[in-house]
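Here's a quick briefing to read alongside the sequence and the 3D view. Have both open, and hop between them as you go.

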Amino acid sequence: MGLSEQLYRKIFVDEKKVLNDYEFSRAIRESVDSKRPLNQVLIEHAYLSPRQYLQLLADHFQVPPSDLKVGTIDEDVMRKIPEDFANKNLTVAFGMESDAIKVALDDPSNKEVIDQLGQMLQSRIAPYVASEYSIRRALVLYSGDLTQRIKQIVVKIEDKPPAEENTSSQTVELLTAIIETAVLVDSSDVHIEPYESEVIVRFRIDGLLRTIATVPKRMEPSIVARLKVLSELKVDQTRLPQDGRFTQIIKGQEVNFRISTIPTLWGEKIVLRVLPREAHLFDIHNLGLLENDLKIIKNYLKMPHGMILVTGPTGSGKTTTLYACLQEIGNDRIDLVNINTIEDPVEYTMPRINQIQTQAEIDLTFASGLRALLRQDPDIIMVGEIRDEETADFAIRSALVGRLVLSSLHTNDATSTIIRLMDMKIEPYLISSTLSLVITQRLARRLCPYCRRQYKPDNKVINELKRNHDFDNNLARLKSSKQLEESYTDNMKFYEAVGCKRCNGQGYSGRIGLYEILAISENLQTAINNREDNNKIREIALSEGMKTMFNDGLIKVFKGEIDLPELIRVAYS
Ligand SMILES: [Zn+2]
């Protein structure tokens, strides 16, 4: 049940030297004080991404690692181990290899458990190492229909008379089930919406809203009150919007929630945003960037100064990309640089990074915060978002005096970012001498790898692509960029969503970014100085080999990561 303190010391301090003795003891103290799992605190203190942590374990135990992502687990093999045994010993059987069953353990050196498994399964066992968190997550994800629990509680409530004393315990039970389920299915938001005669609970999963439960109207006041108390909002204020945050421990993991309330005709509507602590979200390797793009971004993150802008509409994953960039810099050289952020709001707390939250009521804005930050000798500054001329001006000036500045901006494509900055009254020569990289993005639904089906699009579809989406040119560009093996474009096969047990019949699971990445070349600098328009700047960027978002998505269509309708929906949104 979890690795011992001695073993962690051996791995983190003696073998891998990612922490020294002092840092290790401090992490132990923090783990005790905060009642959080030791490995989680250690990972944060050592500034490791879950991927690096897993590699650390693999090196130590001399067995291969498994991240136990949904796509790697064979459910039939998993069911071979009784749930009780799996939970008690933290083991997940996840696949077969020749004559052995692959089993992930948090401590693969535990011969006793492996022997028991061998006897139980009457098979040779191939041990793999996995983190405690990913084992627990896998065990929970496959433990039956998750929404069932909420529905059962609602049925119970409907059966019981609406007495005062029942309501409060029913509310707690219902909310706990809703919140836990939301976290377990990796939902990003929970909507609790009052209507005339009922309350609808919906989850946003993979970007789409799904109705999870319909709750009796009489529960509404106590649900709202309970959530307001949890997040320290004013319970009696029902006519104005409020927002706040709260933390819950769910299956041993601390999860942060942001809450916002808004009055509607039928009562207060509540949205909870789930802010997972897990840093794997911010691993730059998990965003869906193509190999080549990843290389470009990593190079620019190593630069001592300049400005990197992440752009796209609301909900396109800009913040995640910014955090992933900070984490990547941190992985690389946290001891050498001073990283500061100014955000509105601080969505995730990151270890060893100084994060400041803007506070309008005391006039701590992006601009005034940046001004103060510059006196703190920062090397790297992340400004949550450039919303106004003053912030743009400060951000550019910070980059000009030798800082690396990262920020986000609302623009539809990479090149129009330059025009947007000019519209914010930034002198072209300032833009050309500071802006180094623009990453524009959207999020698309990822096809479920289990049930997606390959098909050959008929001529009607191809003709439609040629007519409306410049398909021939896009294909030609794709071929010459050599980012996709020729067999894909020769075969001309796409994939479509089907739906299976693993994706809840949706055909999709998770999301993937589509990217357009613009590195500012000398030619582009000249064009900026000459105040060229977006068409001209785009023409230059394309001639220098910029891959458009459509092209990035097309590669993902050929590879079966997204389907064609999703590309068309997202690339032009
Ligand atoms: Zn599926």
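**Getting your bearings**

The centres of domain 1 and domain 3, taken over C-alpha atoms, are separated by 33 Å. The chain splits into domain 1 (5–138), domain 2 (148–276) and domain 3 (280–571), with bounds that come from an automatic or database domain assignment. Keep in mind that this is a predicted model: local features need pLDDT of at least 70, side-chain atom pairs count only at pLDDT 80 or more, and totals for chains, interfaces and linings use all residues. Residues are numbered from 1 along each chain as its sequence is written.

**Helices H14 and H15**

- Helix H14 (residues 366–374) packs with helix H15 (residues 389–400) at an angle of about 20 degrees, their axes 8 Å apart. Helices (H or I, at least four residues) and strands (E, at least two) are DSSP runs, numbered from the N terminus.
- Axes here are lines fitted to C-alpha atoms, for helices over the stretch in contact, and angles run from 0 to 180 degrees between N-to-C directions.
- H14 and H15 are therefore roughly parallel to each other (angles under 35 degrees count as roughly parallel, over 145 as roughly antiparallel, 65 to 115 as roughly perpendicular and the rest as oblique).
- On the H14 side, the contact uses Phe366, Ala367, Leu370, Arg371 and Leu374, while H15 brings Glu390, Thr391, Phe394, Ala395 and Ser398. Two residues are in contact if their C-beta atoms, placed from the backbone, lie within 7 Å.
- Sorted by class, the contact of H14 with H15 has six nonpolar, two polar and two charged residues. Ala, Val, Leu, Ile, Met, Phe, Trp, Tyr, Cys and Pro count as nonpolar, Asp, Glu, Lys and Arg as charged, and the others, Gly among them, as polar.

**Helices H19 and H23**

- The axes of H19 and H23 cross at roughly 75 degrees and come within 10 Å, so H19 and H23 are roughly perpendicular to each other.
- Asn474, Arg477 and Leu478 of H19 make this contact with Phe550, Asn551, Leu554 and Ile555 of H23.
- By class, the contact of H19 with H23 has four nonpolar, two polar and one charged residues.
- Helix H23 (residues 549–558) is mostly covered, with nine of its ten residues buried. A residue is buried if 20 or more other C-beta atoms lie within 10 Å of its own, exposed if 12 or fewer, and partly exposed in between; C-beta atoms are placed from the backbone.
- Just after H23 comes Gly560, with a positive phi of about 80 degrees.

- Lys482 isn't a glycine, yet has a positive phi of about 60 degrees. Look for Lys482 in the loop between helix H19 (471–481) and helix H20 (486–491).
- Lys482 counts as exposed, with 9 C-beta neighbours inside 10 Å.
- Arg531, another residue other than glycine, has a positive phi near 55 degrees. Arg531 sits in the loop between helix H21 (522–529) and helix H22 (534–543) and is exposed, with 11 other C-beta atoms within 10 Å.
- The peptide bond from Asp344 to Pro345 is cis, with omega near -5 degrees. You'll find Pro345 in the loop between strand S11 (339–343) and strand S12 (354–357).

**Phe257 in strand S8**

- Phe257 belongs to strand S8 (residues 253–264) and is buried, with 21 other C-beta atoms within 10 Å.
- Leaving aside neighbours within four places in sequence, Phe257 is in contact with residues including Arg245, Phe246 and Leu272.
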